[in-house]
Amino acid sequence: MTLAPRLLEWHAHAGRHDLPWQKLRSAYRVWVSEVMLQQTQVSTVIPYFERFMSRFPDVRALADAADDEVMHLWTGLGYYARARNLLRAARVIRDEYGGRFPTTLAAVMELPGIGRSTAGAVLALSADQRHPILDGNVKRVLARYFGIDGAPDEAATLARLWRCAEENTPAVDVATYTQAIMDLGATVCARKPRCEVCPLMADCRARIEGRAAILPAAKRRKAQRRRRSAVMLVARNAGKVLLVQRPANGIWGGLWCLPEFADREAAAAYAASELVATDTAEPLPEIEHSFTHFDLVITPVMVRCAAASRVHDGDSLWYDPASPARIGLPAPILTLLGSLTTEATT
Ligand code: SF4
């Protein structure tokens, strides 16, 4: 039995119909939502999406925006390479496609940061083009329904999942089908499956064989998580804090951050020689932040500075937490700066 009729029928009464990107549906809006939804839950994405759309209502507005403005609206959403790629892709669309979102799968997949599943989803959801998708939710539904054993990150399993996705994508109602299978994975065939309300329960292999809770198989074991330490300088000057822009590549690329040093001595030496520090460097409580493959342990050290003679325009600035500039900041740094404001007012 094919999936589409049951999923379409289920979606009509149980699917999600009021998500902000489902209104005024366009390739641009769907694309931004799909990128924001990678690794991020719907409830987290909604306010970010709405702010982003009110500031950048179309691809041209995004392409013409300053990098800092885009990163500012992304602050807290994480995985900042997504925002950088979104901006690069918008500029390609402006410069090479006259501001119109490309309409073929091959052209969409050539844009920065867009893989096969995202490209398929954008064209399916916005233009009803027939393309299969295979995001995390869809992988889970298909692996369970067809009883596919291998880990979804293994090439042979992935190829099989793509074949299942391809064979089950209908010729008509593709947009609704695509939304339906994504919704089923998010709300019913979730990590903890609710088979009793699932429209596919009658012939789902995983349910029949009692394997719903163990499929899909766990990913192959990753190398042990690494820990990385960083000393960051909190240089304060009349209520303001020195920030520097990080290089485009590497963690928090392009975002504004506290200056980073190899150790406390290097941070203190810089503060004394470059910033005319008026007290000794004082360590603040450590901050731990998890990235996909490692944990970063930040030791902030604070100094007060009398002057800022060696701070240049362009890649450094004095940031006023009480009147913040519209720039992109990593979430833990934003939290730290917020605590300085609280401390100053209490
Ligand atoms: S019956 Fe259960 S395991 Fe199968 S697709 Fe539905 S929710 Fe998932």
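Visitor: How many salt bridges count between domain 1 and domain 2?
Guide: The count is one salt bridge. This is a predicted model, where local features need pLDDT of at least 70 and side-chain atom pairs count only at pLDDT 80 or more, while totals for chains, interfaces and linings use all residues. Residues are numbered from 1 along each chain as its sequence is written, and side-chain values use heavy atoms, with hydrogens and water left out.

Visitor: Why is the pair Glu 69 and Arg 326 called a salt bridge?
Guide: The term asks for a side-chain nitrogen of Lys or Arg within 4 Å of a carboxyl oxygen of Asp or Glu. In this pair the closest N and O atoms are 3.1 Å apart, so Glu 69 and Arg 326 qualify.

Visitor: What makes the residues around the ligand count as near, and which are they?
Guide: A residue is near if one of its heavy atoms lies within 4 Å of the molecule. Around the ligand are Arg 144, Cys 189, Cys 195, Cys 198, Met 201, Cys 204, Arg 207 and Ala 212.
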